[in-house]
Amino acid sequence: MQATTIFTLPKLLTAYLSCRRHKRKSSNALLFELFLETKLLKLQEDLRSHTYRPRRSICFAVTHPKLREIFAADFCDRIIHHLLINEIEPYFERRFIFASFACRKEKGCHAAVSHLRKHINLITKNKTQNAYFLQLDIKSYFPAIDKNILFGIIEKNIHQKELIWLAKIIIFHDPTQNYRQKGKKELLRQIPPNKSLFGVPKTKGLPIGNLTSQFFANVYLNKLDQFIKRKLKIKHYLRYVDDLILLSENPDQLWQWRKEISLFLAKTLQLELHPDKDKFGSVYQGIDFLGYVTKPTYTLTRNRVVNNLKTKLYYFNKNVLVNGAPDKKAIKTALSMINSYYGHFLHGNCYRLRRNIYEKHFGALKEYLTPARNYSYFHYGKPR
């Protein structure tokens, strides 16, 4: 396939529109939009002439849900990422197993929890017998991805030369060679070397924060998914990024599967299971997964999620006591945050929790926010 049939202005425009969906108010996005036609034509020229190279990234650390190193690509590069994924995603999507839930359309964490609940009921024959789970975690997954193995997978499956060239540019780009640091430097220094692109070999690691990295992470572990389903023939299995859950009526079988999975990861993908993060037990104990604790009889929200909301409400009310009545903007910011948490709660069996948080922790916000039926969400306006 020729470059002109791939790197077209309509495809670049589609990629741009996808990219700006959640970034339109950023300074880079506004600047790009101001000179949209000129910049798209320049990107097209760079792609067709094979002179495109990624620009400077922004490096910073985030602490939620855990301390991680982020490399945020330039807005122009994000457009290119969307362009590449738009082209190759349909091919790989047909080859992914159903039980892979991260960063895929019509999937996500809530679908994964629902799938887990379904399989718990299947394996316990609708809560009439016992079963066991084994939860596995891949050690330092994103920094440990081998770029040569990943590119080999792409090259083997994608046959358009222009897409192979672009994938190679993105996969082997080293953001540590051209970046701007942002935020607290001490947070970045706290990141262990094996979890940072600064501490791993240049042939290893994908930057957390890029659309391509999320997609390539699924492509990379699809080999493991296929091994588990086709070779080991594990019926009750699901994966969310590098978090794996296996279910079985036989606990010994789970540990045997772990050995075979560990050998496969080491031999085929140069990865290893984290030696200290295995979680094992009866499904009736509950499986702590993606913000929920799922049991055969019900699903609860993880305590950490609940405590995070309570802490945010506490500091909001403390600020009210110090500075007086909050302005409308502060209330609407709090409303957006609260509704996000309550949307999470709705996927569990936690009506009493939703009511309790409103009654005991909203404080001054009760004067400004009205609960919908069953405390499913809130809207702005003083309760009558």
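1. Helices (H or I, at least four residues) and strands (E, at least two) are DSSP runs, numbered from the N terminus. By that assignment, Thr 299 belongs to strand E10 (residues 299-301). The model is predicted, so local features need pLDDT of at least 70 and side-chain atom pairs count only at pLDDT 80 or more, while totals for chains, interfaces and linings use all residues. Residues are numbered from 1 along each chain as its sequence is written, and side-chain values use heavy atoms, with hydrogens and water left out.

2. Thr 299 has a relative accessible area of 0% and is therefore buried (under 20% relative accessible area; exposed is over 50%, partly exposed in between; 1.4 Å probe, protein chains only). Not counting residues up to four places away in sequence, Thr 299 touches Val 113, Arg 117, Tyr 292, Val 293, Thr 294, His 347, Gly 348 and Asn 349; contact means heavy atoms within 4.5 Å. With Arg 117, the side chain of Thr 299 makes a side-chain polar contact of 3.0 Å. Such a contact is a pair of N or O atoms within 3.5 Å; within protein, one must be able to donate a hydrogen and the other to accept it, and residues adjacent in sequence count only if both atoms are side-chain atoms.

3. Thr 176 lies in the loop between helix H8 (161-171) and strand E4 (179-181). Beyond four places in sequence, Thr 176 contacts Phe 71, Leu 197, Phe 198 and Lys 202.

4. Strand E2 (residues 68-72) is largely enclosed by the rest of the structure, because four of its five residues are buried. Strand E1 (residues 57-62) runs antiparallel to E2, with five bridges between them; two strands pair if DSSP finds at least two bridges between them. Ile 58 has Ala 72 of E2 as its bridge partner. The two strands form a hairpin, with five residues between E1 and E2.

5. The largest pocket has a volume of about 1600 Å³. On a 1 Å grid over the protein atoms alone, a pocket is an open set of points where a 1.4 Å probe fits, with protein on both sides within 12 Å along at least five of seven lines; lining residues have an atom within 4 Å of a point. Of its 46 lining residues, Pro 65, Lys 66, Arg 68, Leu 290 and Arg 304 lie nearest the centre. Elements that each supply at least two lining residues include E2, helix H5 (109-123) and helix H12 (303-323).

6. The second largest pocket holds about 670 Å³ and has 23 lining residues, with Ser 18, His 22, His 82, Leu 211 and Gln 214 nearest its centre. Which element gives the most to this lining? Helix H4 does, with six residues. E2 is also among the elements that supply at least two residues here.

7. Arg 354 is in helix H14 (residues 351-361) and counts as buried because its relative accessibility is 7%. Its side chain reaches the backbone oxygen of Asn 374 at 3.0 Å. Other contacts of Arg 354, outside four places in sequence, include Tyr 342, Phe 345 and Tyr 375. The C-alpha atoms of Arg 354 and Pro 371 are separated by 10 Å, with the two residues 17 apart along the chain.

Methods
Grid points are joined across faces, edges and corners, and a volume is the space filled by probe spheres set on the points.
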